[in-house]
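Visitor: I have a chain open on my screen and would like to go through it with you. Can we start with the overall fold and then move to details?

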Amino acid sequence: MKRIFFILMIVIFSSSIYGQLEQPTEKKLDSLKTKLETLFMEDQLFRRLYQDAEKKFGKDSDEMEYFWKVVEEQDKRIEIEFIKILEKYGWLGSNQVGRLANGALFSIIQHSSIETKEKYAPLMKESVLRKESQPMHYARLMDRMLVNDNKPQIYGSQTTNDKNGNAIFFEIEKPEFVNKRRKEINLDGIESFAKERSIEWNITQKEK
């Protein structure tokens, strides 16, 4: 319950505790861009190979157990580097390091501990509100945290399949207000998102 309350507070308030961050020079931004792009490549490397590995060794094999152990250890190492950057410079926007390096921050935080997600989500939100990071990245982060905790999502970014294989949304908190919440982070309405995934959406939206 405490964790869910914390997540909801992140949604309502953006953090101001990181106001004394260092402002990187242009040269330093180039270095950070390269660093983040490299971390992204490392973050994705094994994840792009796991399906081939599963086919070769079997999902429940000793080899796959070792495979995911290596991934877990690498994630921990990358998370340490990620935290160092955020603690010093904050959430670097695409206007600072480019779209790929900015997206790397999202990819890395997705594979970080729940404590890291909760601590640095406010930085991501601030960047989104300044239109320097992608709203959908923030929506996915918050919704996945809630869905993984068996709670209703708030932005409607997470889908699954019903028993017939049809795409459906995971439960959404007060779905009549989902567009209001999406608008607050500069995210398009859920109707077009649902249409892209062939999900019927007929819930009338409210502003208040």
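Guide: What follows is a short talk through this structure, which is a predicted model.

Visitor: Fine. How many helices and strands does the chain have?

Guide: There are nine helices and two strands. In sequence order the pattern is α-α-α-α-α-α-α-β-β-α-α.

Visitor: And how compact is the chain for 208 residues?

Guide: Its radius of gyration is 19 Å, close to the 17 Å given by the globule rule for 208 residues, so the chain is as compact as a globular protein of that length. Along the principal axes, the C-alpha atoms fill a box of roughly 50 × 50 × 35 Å.

Visitor: What share of the residues is buried?

Guide: Buried residues are 43% of the 208. The accessible surface of the chain is about 12,500 Å², and carbon and sulfur atoms account for 50% of that surface.

Visitor: What about contacts between residues at least 6 apart in sequence?

Guide: Of those contacts, 63% join residues at least 24 apart.

Visitor: Charges next. How many positive and negative ones are there, and how far apart are their mean positions?

Guide: The chain has 35 positive and 34 negative charges, with mean positions 3 Å apart.

Visitor: Now aromatics. How many pairs turn up in the whole structure?

Guide: A search finds eight aromatic pairs. One of them is Phe67 with Trp68, which is edge-to-face, with 5.2 Å between the centres and 85 degrees between the planes.

Visitor: Which residues are in the aromatic cluster with Phe67 and Trp68?

Guide: Phe46 and Tyr50 form one aromatic cluster with Phe67 and Trp68.

Visitor: What is the geometry of the Phe169 and Phe193 pair?

Guide: Phe169 and Phe193 are stacked, 6.1 Å centre to centre and with 25 degrees between the planes. Phe169 is in strand S2 (residues 167-169) and Phe193 is in helix H9, so this pair ties together parts 24 residues apart in sequence. Phe169 is buried, with a relative accessible area of 14%, and Phe193 is buried as well, at 5%.

Visitor: Last topic: where is Glu176?

Guide: Glu176 lies in the loop between S2 and H8. Its relative accessibility is 21%, which counts as partly exposed; the cut-off for buried is under 20%.

Visitor: Which residues does Glu176 touch, leaving aside neighbours within four places in sequence?

Guide: Glu176 is in contact with Ile203, Thr204, Gln205 and Lys206.

Visitor: How far is Lys208 from Glu176?

Guide: Their C-alpha atoms are separated by 9.7 Å, while Glu176 and Lys208 are 32 residues apart along the chain.

Notes
Residues are numbered from 1 along each chain as its sequence is written. This is a predicted model: local features need pLDDT of at least 70, side-chain atom pairs count only at pLDDT 80 or more; totals for chains, interfaces and linings use all residues. Side-chain values use heavy atoms; hydrogens and water are left out. Helices (H or I, at least four residues) and strands (E, at least two) are DSSP runs, numbered from the N terminus. The radius of gyration is taken over C-alpha atoms; the globule rule is 2.2 Å times the number of residues to the power 0.38. Buried means under 20% relative accessible area, exposed over 50%, partly exposed in between (1.4 Å probe, protein chains only). Contact means heavy atoms within 4.5 Å. Accessible areas come from the Shrake-Rupley method with a 1.4 Å probe; for residues, only the protein chains shown count as cover. Lys and Arg count as positive and Asp and Glu as negative; His and the chain ends are not counted. The place of a charge is taken as NZ of Lys, CZ of Arg, CG of Asp or CD of Glu. Rings of Phe, Tyr and Trp (its six-membered ring) pair if their centres lie within 6.5 Å; planes under 30 degrees apart count as stacked, over 60 as edge-to-face and the rest as tilted.
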